[in-house]
Amino acid sequence: MIIVKLLPDQVSKLWDSVRYAIMSSIAPIIDPTPENMQTILCQLLKGDMQCWCVYSEGKEIYGYWTTSISVDINTQYRTMILYSLFAYKQWSKEIWDQAYDALDKFAVANDCKRIAAYSSNPTAISVAGRYGFSKDYTYLVKDVGGKNESL
């Protein structure tokens, strides 16, 4: 299996499948509107976000994940955010190991102290636990401007 961080021209060429992967796996940190997806594409092309591809020797794509580096405005603490992860095919333990290794090395090379991810997928959560990710927090989300019906 081969794992690469895509270059901007590769992201452009593969954008239809990358966009599908992001829209299928993004946490509710954004709405996947056409405008937001265009902004994500721009961030990927500028290098402010990264897109990773997992594929076989025969060039069959197994999936994508996207990352970005978050810098806390108060402390400047750097965290690698696993923004989305989508698998077209089931990943073996070997693929997960390679993916985690690539993610970890990239985070270290970019002076990140932590890797964080959002997920509601039980398989992804279980796999993350095997790599030492804490599952102690719950991500809470609510759209603003609505009435609180429970009060």
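On a 1 Å grid over the protein atoms alone, a cavity is a set of points where a 1.4 Å probe fits but cannot get out, and its lining residues have an atom within 4 Å of a point. Grid points are joined across faces, edges and corners, and a volume is the space filled by probe spheres set on the points. The model on screen is predicted, so local features need pLDDT of at least 70 and side-chain atom pairs count only at pLDDT 80 or more, while totals for chains, interfaces and linings use all residues. Residues are numbered from 1 along each chain as its sequence is written, and side-chain values use heavy atoms, with hydrogens and water left out.

**First stop: the cavity**

Select Val18, Ala21, Ile22, Ser25, Cys51, Tyr64, Trp65, Thr66, Ser84, Leu85 and Phe86, which line the largest cavity. About 30 Å³ of space lies inside this cavity, and a search of the whole structure finds one cavity of 30 Å³ or more. Colouring by element, you will find that α2, β3 (61-71) and β4 (78-87) each supply at least two residues of the lining, where helices (H or I, at least four residues) and strands (E, at least two) are DSSP runs numbered from the N terminus. Helix α2 gives the largest share, four residues. By class, the cavity lining has eight nonpolar, three polar and no charged residues; here Ala, Val, Leu, Ile, Met, Phe, Trp, Tyr, Cys and Pro count as nonpolar, Asp, Glu, Lys and Arg as charged, and the others, Gly among them, as polar.

**Second stop: helices α2 and α3**

Next, show helix α2 (residues 15-25) together with helix α3 (residues 34-46), which pack at an angle of about 120° with their axes 11 Å apart. Axes are lines fitted to C-alpha atoms, for helices over the stretch in contact, and angles run from 0 to 180 degrees between N-to-C directions. With side chains displayed, Trp15, Val18, Arg19, Ile22 and Met23 in α2 can be seen to meet Met37, Ile40, Leu41 and Leu44 in α3, contact meaning heavy atoms within 4.5 Å. By class, this contact has eight nonpolar, no polar and one charged residues.

Turn now to the largest pocket, which holds about 1500 Å³ of space; a pocket is an open set of points with protein on both sides within 12 Å along at least five of seven lines. Of the 42 residues that line this pocket, select Ala117, Tyr118, Ser119, Ile125 and Ala128, the closest to its centre. The elements that give two or more residues to the pocket lining are α2, β4, α4 (93-109), β5 (114-117) and α5 (122-130), and β4 provides the largest share, eight residues. The pocket lining comprises 27 nonpolar, eleven polar and four charged residues.

The C-alpha atoms of alanine 117 and alanine 27, 90 residues apart along the chain, are separated by 9.0 Å. Threonine 79, in strand β4, is buried at 12% relative accessibility. Finish at glycine 47, in the loop between α3 and β2 (49-55), which is partly exposed at 40% relative accessibility.

Technical notes
Buried < 20%, exposed > 50% of the residue type's maximum accessible area, 1.4 Å probe, protein only.
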